Amino acid sequence: MSKLTPEEFREYLKTVRALAEGPFEEMQKEVEVTNKFPQEFYDLAIENNLYRYALPEEYGGWGLSEKEILQVQEEFSRGPGGMRMHLHYAADLNWRILDDYGKPELKAEFMDKFQDKTIFTNFALTEQTGGTGADLHTTALKDENGNYVLNGEKWLISHTDCSQYAYVIAVTDPEKQGDERLSAFFVPMDTPGFELVPMPHMMGCRGAGHAGFKMTDVVLDPKYLLGEEGQGMEVAMHSLAISRVHIADSNLGMAQRMLEMSIARARDRVTFGKPIIQRQAIKMKLANMATNIHALRCMVMDFADDYDKDPHNEFVDEKAAMCKLFSIDTVKMVSDEMLEIFGGDGYFEDSPYGPTERLYRDCRAMWLEEGAPTVQRITIARGVDKHDGHVEYGDWIAGTAL
């Protein structure tokens, strides 16, 4: 658990919310045009420990529990989507993959450098022609000196503009079938043959540094192999399971803010002589929004409780997928209802009533981040089959007689 007192932790949450809805919102006006974060964003994130709070204490971090980490993330997720994407990644995959699978010499060299963004990483699984599964085409084959030589392309990779290293999933044994073909690597992006490929601006989440990259005969020392050969998909899936919950939590933060904005606007907006919050149709919308948000928060916190007890518990993958899937349905419904409550005023940029238009765009990146809804359903179905429909909730199990 955190060494912060409960009161200190509450004050930190207030600080993070104030950043998200204050300076970060103001910066985002420029980011929407430039598609690049100003240095001030990184400086404020460092100053306010947003690269440190989730990092284990042994590496200079605060070592917060998963439940505390998710509470912090809910607060900064109320702000601009691209900044949320960057900070969510900083609290999770950025350091966790190296910590879980890196060789001792790599961890000794790099782990304490994550606390103040001395280094930053990106996660490169997706390919235009190979998707995100066992059919990837990027190769990492050994040469006569025992080094790995990487060739191939990756696509839709976040944070490329501020990263020095990439976690790359590649084929190390083309003769094998399925997941056993794949391995994971920690690749310095300044290695000769590593080339970034620009991408156009996205609909939302501007500034998150999306690009593709090509690797042409990138020679890599064997020390940069993560885990063992053939473990690449395990590295990816174990890491993505936790990230999926962080995405669900991001949707929670956005949905909560959209609900609060909707309530405030419904109180102020008068039609036919009375505030629309007094109309039954609006009350029903707000009730549905609040109910789904509460249910999502319960799911996310239940996952956090389980994870803090045992990060390798058997329900991690399917419960993470459940959280993400339900969060998509929740934020979709909440954002649609918000737009109806605001009416035409909510459809404009720079609305005087809040960033409704941008929030509506930003949240739609969640459909795709760390796997589309169909991928989540496949993961859930696999778990349901494996566990005969049983899922642990704290000290009791649903779906079976003990």
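## Basis of the description

Helices (H or I, at least four residues) and strands (E, at least two) are DSSP runs, numbered from the N terminus. The model is predicted: local features need pLDDT of at least 70, side-chain atom pairs count only at pLDDT 80 or more, and totals for chains, interfaces and linings use all residues. Residues are numbered from 1 along each chain as its sequence is written, and side-chain values use heavy atoms, with hydrogens and water left out.

## Overall form

The chain contains 12 helices and 12 strands. Its radius of gyration, 22 Å, is close to the 21 Å that the globule rule gives for 402 residues, so the chain is as compact as a globular protein of that length. The radius is taken over C-alpha atoms, and the globule rule is 2.2 Å times the number of residues to the power 0.38. Along the principal axes, the C-alpha atoms fill a box of roughly 80 × 55 × 45 Å.

Of the 402 residues in the chain, 54% are buried; buried means under 20% relative accessible area, exposed over 50%, and partly exposed in between, with a 1.4 Å probe and protein chains only. Among contacts in the chain (heavy atoms within 4.5 Å) with a separation of 6 or more, 76% join residues 24 or more positions apart.

Two packed helices are described by the angle between their axes and the distance between the axes. Axes are lines fitted to C-alpha atoms, for helices over the stretch in contact, and angles run from 0 to 180 degrees between N-to-C directions. Angles under 35 degrees count as roughly parallel, over 145 as roughly antiparallel, 65 to 115 as roughly perpendicular and the rest as oblique. A crossing is left-handed if the near helix is turned anticlockwise from the far one by less than a right angle, and right-handed if clockwise.

The axes of helix α8 (residues 232-268) and helix α10 (residues 316-342) come within 8 Å and cross at roughly 20°; the two helices are therefore roughly parallel. The crossing of α8 with α10 is left-handed, and the residues of this contact divide into 20 nonpolar, four polar and four charged. In this classification Ala, Val, Leu, Ile, Met, Phe, Trp, Tyr, Cys and Pro count as nonpolar, Asp, Glu, Lys and Arg as charged, and the others, Gly among them, as polar. Helix α9 (residues 280-309) also packs with α10: their axes come within 9 Å and cross at roughly 160°, and the pair is therefore roughly antiparallel. Here too the crossing is left-handed, and the contact of α9 with α10 has 18 nonpolar, four polar and six charged residues.

Serine 327 lies in helix α10 and counts as buried at 0% relative accessibility. Beyond its neighbours within four places in sequence, serine 327 is in contact with Ala248, Asn251 and Leu296.

## The α2 and α3 pair

Helix α2 (residues 23-34) and helix α3 (residues 39-47) have axes that come within 10 Å and cross at roughly 160°. They are therefore roughly antiparallel to each other, and α2 passes α3 in a left-handed crossing. Pro23, Phe24 and Met27 in α2 meet Glu40, Phe41 and Leu44 in α3; by class, five of the residues in this contact are nonpolar, none is polar and one is charged.

Lysine 117 is placed in the loop between α7 (104-110) and β1 (121-124), and is buried with a relative accessible area of 16%. Leaving aside neighbours within four places in sequence, its contacts are Tyr42, Ile46, Tyr51, His86 and Cys162. Lysine 117 and tyrosine 42 are 75 residues apart in sequence, while their C-alpha atoms are 8.4 Å apart in space.

In helix α5 (residues 81-90), 10 of the 10 residues are buried, so the helix is largely enclosed by the rest of the structure. Its buried residues include His86, which is also one of the contacts of lysine 117.

## Positive phi angles

Asparagine 49, in the loop between α3 and α4 (66-76), has a phi near 65°, a positive value in a residue other than glycine. Asparagine 49 is buried, with a relative accessible area of 17%.

Aspartate 217, in strand β7 (residues 211-220), likewise is not a glycine and has a positive phi of about 50°. Aspartate 217 is partly exposed, with a relative accessible area of 48%.
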